[in-house]
Structure formats: structure tokens, C-alpha cells
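Work through the two exercises below with the model open, and check each step of the solutions against the coordinates.

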Amino acid sequence: MKEEIVYTDKECYPKDFIRYSTHDNYVELESSEDLRLRIYIISEYIIRVRYTIEGYFDRDFSYAIDENFKFQNHKYDLADNANELIISTNSVKCCINKVNLKITFKNTDNQILCEEEKGFHWEKNETYGGYIVQNSKKSLKGESYFGLGDKPTDLNIKGKKFTNWGTDEYGYHKDTDPLYKSIPIYYALNDVGAYGIFFDNTYQSHFDFGKERSDVTSFWAQGGEMNYYFIAGPKLMQVCQRYTALTGVPEMPPMWALGYQQCKWSYYPDTQVKEIASKLRALQIPCDAIYLDIDYMDGFRCFTWDKEKFPDPKGMVDTLKAQGFQTMVIIDPGIKKDKTYDVFTEGLENDYFCKRIDGHYVEGKVWPGDCYFPDFTKPEVREWWAGLYKGLIEDVGVAGVWNDMNEPALFEVESKTFPLNVLHDHDGHQTGHRKAHNIYGMQMARATADGVKKFRNGQRTLIITRSGYSGLQRYSSVWTGDNIATFEHLWLADVQAQRLAISGISFCGSDIGGFINQPTPELMIRWIQLGIFHPFCRVHSSGDHGDQEPWSFGEECLNIFRKFVEIRYQLLPYIYTTFYQYHKEHLPMMRPLVFVDQKDKETHNRDNEFLCGDHILICPVIEEKKRSTPVYFPSSNWYNMWTAEKYNGNKEYKIDAPLDQIPIFIREGAIIPKYPIQQYVGEKNIDTITLDIYYKEGDEHSYIYEDDKNGYGYENGEYKYSTFQFSGNKGEVKIHQSIEGTYDSEIKNYVLNFIGLPSIVSEIICDGKSQYLGQSISSNFKEIIIKLS
Ligand code: MIG
């Protein structure tokens, strides 16, 4: 059967193949019309596809790819057949049709994973020059799609269409598009397996997963190159790890950054900040950080203080520190046009601000009034910006920084952002805003991270950004912007966090309770119950919509809120370990069910429940007045954390969810480390932790990662990574521990807490010696045997 592919008049496509040549790590093909196609063999699993239609390739430069990514010059085989060229690694076959240059990706069993429809094609961009570069692939029956960062919609994005163009979207809703971030990685899952496509093009880009035509998936951009990475699986989780390795991971955060954080727009004056802090302590709500929003500044001038509201910033920061709080401040990109303001005059003198093509500055209104904007795509500007943090960080003692409005957002203009004729340095290759828009925010966060780090005296920091592009996670955590206090937004927070995590950005969270409007007590409770399982856990709200501190909703809410924050603090060693798995093994911290059990088709459309790390399954309650909720369990057997009841995997159950509980399940065989409750990280000298051990007939692995929680010694091996091998049968449980790293942990003892044992313990033998029941054991044990009677 001959397929008819219909091109429009404007669409051009590769025609006559002329020749190919082989190189160390790529194969280049030429066809008529100055078309060149390069297939780079990045690794056994990653093939990069890059086209030009101008006869030569432009500078190869990407803000997304991690410079630490190890390009291995991977060896490949090339077969030149009558109809196609076949480039193969040990895991992927990339087959290129010699007539039309269409590409088919297959696995080594010759099964088709991804086949082109029109494949690469392009149109002249009459307005701006260059080309609109497009690619369309066949959408297989039953194929599902995932990814794309902060999109506020169902996890499975089949049948939907999206645009990437960083936008300040106050009060967005389900399906609002685009939002703040541009993360052009998508995953496809079909009967053969899973793969990913990372379209590394920073222009405004678009993705269509069978919306325009149900059997076609396509992506295109308004300019730049058709340049994408095909990432093989066959498991979604592997694709995710490979994408995350390619675009990088953050360093380990200070452990306090995983604590609860309190924010509002805005806490001022300093006396109010201190009151909030004292109240958190008085009411015993664990908390590690307090935020200052824009009102701490003098007329919204970045790097200044309002001397009336904050007469003694260092004094305030020190007072907070003494109570165990870190101080975080906001910094926006807009620099007030004010000849008496040194940041402005310095920027002006050194030519650091963005200009339009004819030499005029981009002037835009934001909080300070008329502003100019640093060109963060210029290395000297980033350097300068980094240096500006000395005052806040070194002199005042602020612990970390929150970057907002960096889409960049402008008031009072319809586009909400810069005009397109703004020029950017783009690291030495000047370009226009069309290409630089989507990376502006991440380059700001990058400069911020460099600066803050420089002045932290060897302590780790926390950076948060609202906007960014793939790879932003190397510099910063993120939040999901201006959400609303509704149950719909609680669900959005859940899916957005999962989606960000699989898009390489695990360190994320939502404004708990909703930024806009005031939540009901019930909503506030349901939201913190989810929020404690997001790496970035912060209550934030717009102060003009009423109070949102945990005590603002009555006694019952306060008590339940506290109970959940306490669970978070108990689980910190587990969450920190999960962060380490992200940092080290590129595993997402939040794992959608389909990413853990893709064989089970039921998981392909589930998006309420997810795994936090290896062993904890959570299902938030996303409907008002619901006191039970359906939960689908991926394979394995699961213990209800509240009742220790056991559930089988690959089934749905209705689970009780009274107001003070949400469904939380622990995988059988898991060992979950738990801290005692603290009011902030480091409050207590912890020498003993509890291991909750969930019995299983069979084997399971668990891990604990430890280091000094705040320094960089871990980069030189000063950490302790314990692997626990659990194996259980009716007569005994054995736990074997192996330890990696040189960190001499302050945790010397484990208290063992067994859940679900089939009979009572008759003896515990630790490294060959019999123990008293209930006695804690050395945290360096090699093997414990628990005899059951
Ligand atoms: O125009 O700094 O998303 O978190 O509190 C609003 C004030 C600017 C938007 C951020 C929000 C922050 C607010 N900002």
C-alpha cells in the first residue's frame, strides 16, 4: 500500500539523497537543496538528529546540555543497504530512507519504536527570515505521551497540543498554555517500548500529540534548527534517567531546604517576620525557612533594603537564625531606572542592559516602575549579577534566593514580555529575543546560583526560579507560579509536580493552599497532605486574599497541618536519600505510576497517585468533602501506613481518607528511615534513628544517604550510603547492610520497628551476636537475622 502524504504549497522537504560520509561520532547525509542531516551517536541509547537547509551548520551550542555530560564517541555500525542506511548501537537502530531521508527508530529486534510521517520539513519564515522547522511522526495506536514540564493538564498528553513560550500566567487554569517554563522533552510509550524526544530548540516551539490529526505526532519551532535527541528505553524510567543525565542535575541541597517553608507576599516589617517565626515555634510547627517578598526592598530596587521596614536586616536574620530559621529573599530581573541607584548606573555604564535592534534600551514597567533588564545571556553580565549578591548573602546572612518575573514578565503590554526585536548576547553569538526568550529566566537563575554560592562560605544554598528551560535544574529549584485556592489546583499541583519530575526537574513544589484567594480549612489540609511529599514544600499566598499561615484556619486544621509537617520531618532521611538518587542516578523523585509499572496498561492514564522515591505511594484527596478515594496500586504488595493493612498490586481499591489522613502506602520489604520530630533541621543531635521495616516474603532493597547536610565534602566522598538487602521468609528475616563512602555519621544506632511480621520475634542476631529484644543496634551492622517463632 502506498501512503499519500500531503504537503501544503509552502512545505519543503528533503528530496534527492546525494551522498553520506562517516565521522568519529556522527554520520552526515546530503541531499539536494543544501540539506544536511547529521546523526550523532551520543551513547548506546541516545541518537541526536540535526538538520540544516543552508548547506552548513551554525555554531553547535546549547544552554540545556550539561557540560559534565560524558560524550563517549560511542562506537556504531553502519550498513549501507539498497534503500536505507542503518546506523546501529547495541540498543538502537536508526534507519534512514535513501530517497526521502525519513528516519525510523527500531529496537535491536527490528521492532519499530518511532516512524516518521512527513519527517523533517520546513517553511520559509517570511517575516523573520530563516525557517519554521517541523517534524512529524506517526502516532501508533494505543500510544501514550508524557512530559513537557509545567503543563497544567492530565499526565497523559495524548490528543493535546502545546506551545513553549515562557509566560507569566497569573491565575492559570487546567489547560492554560503556555505557562512559565519551556521544557521540550516528551516521552512516548507504545507496545514495543518507551522512548523520548528532546527537541533542543529555544525558539517558540509547539507539540501536537494527535490533536490536529489523530495518527500524527509533530513538533515544530518558529526558527532555529531541527535538532533533537532520540532517547531509547525501553522503560520510561530509563528514558527519564538518560534525559536527566543529558541535561544535568542539581547539587545536593542543604537538608534544611527540604524542610517546611513559610512565605507570603509579603511579610513586613521585620517585627512581623519575627512574630511569624516565634509563632511557628510557639505552636510547634516545624519550619526551616521564612521568605521576604518584594516589600523588603527600597522601592523594589533589587539588592537594597527598605530602611523603615527593615532597619537592621542583619540583626533580624541573626535573630531568625538563632531560632533555627533561614531567611530567603526574592530578586526580580527588572532594575529601576533611577540615576541615584548604583545597580542601575553600573549596568548602564557597562552596557549590561538589553537593547533593541536599533540601540534603544528595552524599557518595561514592573514593580519598581520603569525598568531596564540585564542581559543574562552575556557572561560578563552574569558575573556582575553574581557579585551583586555579596551584600545580601555575605553581609546580611540571607541563605538563599528566589527569582521571580524572569519569563521575563512585563506589565501593561499585551505580549506580557519583551518585544521580539530585543538583542541578546547569547554567549557571544548575538541573537534576537525570539531565540533567547525561553532561556532568559534560566540564565538569570544561573547567575543567581553562582553568586549566592560564592558568598556562602562553603555552605549550600537554595535557589528558586519561576521560569526556565531544560537544564534549569542544574542551577535551581522551581515552583509552579500563581495558582488558585481551589481543589482543581490541588490536583494540578499533583500532576504538575509529577510532570516536572519526569522532565528532569524534581526539585519542585506548588504554593501550598493556593496563591490566589484563601483556601477553606479543608483545602488547606488536603494541600499540605500532598505538599509534604513534594521536594519543595512551601506555603505561599498573596496577602491581599487573607491569611494563610497554618494557624489561620482554626484548631483542627492547625493540628492536622502540624501532624503532616511532622511526618515530613520524620521522613527527611528518606526524602534526602531520594534526592540523592536524583542527584546521583538521575531518578525522578516523584514517579507517576506509569513510570514504575508501564506493563500494566491501567497505569497509563492514572495521575492522582504517585510514588515518592522507591517505596512510598501517595494518593492525595483532590475532591471536597471526600472521605475516601480510589487508589490504584502498581505491582508489589503495599502496607497502609496508618493501619498496616496489606493490599495487592495491579488493582484499584477504595481507601478511607478521613480529614486527618490521606492514603499513604509503603512497599513490602521496604526499610524506611525516620528521624525524631524536630522543629528545624539540626535542632537535635540525632544519634539514633528508627527503621520501619515492612515484612515481605521475598527480597527488596532500600537505601539511606547521609552527609553533613550543608557542605561540599560529599563531592569528595564524605558521605555514607547504606544499601539494605532485605530478605524474608516465614522463619526469619535477614537484613544485610553494605556501606559506601567515608562519612563518619553522627547516627550511631538504629531502632528496628517491624511491621507485618507473620509471627513474633524470638531472637535478633546482629553480626553474630544475640541482642535483647528492643535493644537498638549499631548503625554500621553488616547483617541482622531476625528469628521468627
Ligand atoms: O506580579 O513578588 O509568582 O509568588 O509573590 C506578581 C510578588 C509578582 C509573582 C510570583 C509570586 C510573588 C509575586 N510575584
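**Exercise 1: the second largest pocket**

By class, 13 nonpolar, 15 polar and 10 charged residues make up the lining of the second largest pocket, where Ala, Val, Leu, Ile, Met, Phe, Trp, Tyr, Cys and Pro count as nonpolar, Asp, Glu, Lys and Arg as charged, and the others, Gly among them, as polar. The model is predicted, so that local features need pLDDT of at least 70 and side-chain atom pairs pLDDT 80 or more, while totals for chains, interfaces and linings use all residues. Residues are numbered from 1 along each chain as its sequence is written, and side-chain values use heavy atoms, without hydrogens and water.

Task: state which element gives the largest share of the lining of the second largest pocket.

Solution. Strand S4 (46-52), strand S10 (131-138), strand S28 (431-432) and H7 each supply at least two lining residues; the largest share, 4 residues, comes from S4.

**Exercise 2: the ligand**

Task: find which residues come nearest to the ligand, and how much of the ligand's area the protein buries.

Solution. First, of the 13 residues around the ligand (a heavy atom within 4 Å), Asp293, Asp404, Arg466, Asp482 and His540 come nearest. Next, consider polar contacts (N or O pairs within 3.5 Å): a side-chain N or O atom of Asp293 is 2.5 Å from a ligand oxygen, and one of Asp482 is likewise 2.5 Å from an oxygen atom of the ligand. Finally, the ligand taken alone exposes 350 Å², of which the protein buries 95% (Shrake-Rupley method, 1.4 Å probe).

Methods: A polar contact is a pair of N or O atoms within 3.5 Å; within protein, one must be able to donate a hydrogen and the other to accept it, and residues adjacent in sequence count only if both atoms are side-chain atoms.
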